[in-house]
Amino acid sequence: MAKRIDLDKTGLVEIRGKGLILNVTTDDQERILIRAESEEGGYRIRIKVHEDDPGIITYTLGEVLGGPNLSIVK
């Protein structure tokens, strides 16, 4: 598995597919940052570990949100 992602000259990669947009950037400490959003807007984005390979994180769209919602995760 790769230890680095070589980003293009703009320092940004945008991945689009199945209603999701993932923006991949790096910060000043060379950490990889991923911002996920839905193309249509208003959908809950589920982030979880892949069932077969715990080294893979998956992003999927869930149900449509009914309005502003805040939940605290411990």
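Predicted model: local features only at pLDDT ≥ 70, side-chain atom pairs only at ≥ 80, totals over all residues.
View 1. Strand 2 and strand 3 are joined by seven bridges, and the two strands run antiparallel. In general, the strands of a sheet pair through backbone hydrogen bonds, and the pairing can be parallel or antiparallel.

**View 2. Asn-23 in strand 2.** Asn-23 is part of strand 2. Is Asn-23 buried or exposed? Its relative accessibility is 9%, so Asn-23 counts as buried, the cut-off for buried being under 20%. Neighbours within four places in sequence are left aside in what follows. With that exclusion, Asn-23 is in contact with Leu-12, Val-13 and Glu-14, and also with Leu-33, Ile-34, Arg-35 and Glu-37.

**View 3. Lys-18 in the loop between strands 1 and 2.** Strand 1 spans residues 12-17 and strand 2 spans residues 20-26. Lys-18 lies in the loop between these two strands. The backbone of Lys-18 has a positive phi of about 50 degrees, although Lys-18 is not a glycine. Is this residue buried or exposed? Lys-18 has a relative accessible area of 83% and is therefore exposed, as the cut-off for exposed is over 50%.

**View 4. The whole protein, for orientation.** The protein has five strands and zero helices. Along the sequence, the pattern reads β-β-β-β-β. What share of the 74 residues is buried? Buried residues account for 14% of them. The protein exposes about 6,600 Å², and 53% of this area is supplied by carbon and sulfur atoms. Among contacts with a separation of 6 or more, 11% are between residues 24 or more positions apart.

Conventions: Residues numbered from 1 in each chain as written. Heavy atoms only, no water. Helix = DSSP H or I, 4+ residues; strand = E, 2+ residues; numbered from the N terminus. Buried < 20%, exposed > 50% of the residue type's maximum accessible area, 1.4 Å probe, protein only. Contact = heavy atoms within 4.5 Å. Pairing = 2+ DSSP bridges. Areas by Shrake-Rupley, 256 points an atom, 1.4 Å probe, with all protein chains shown as cover.
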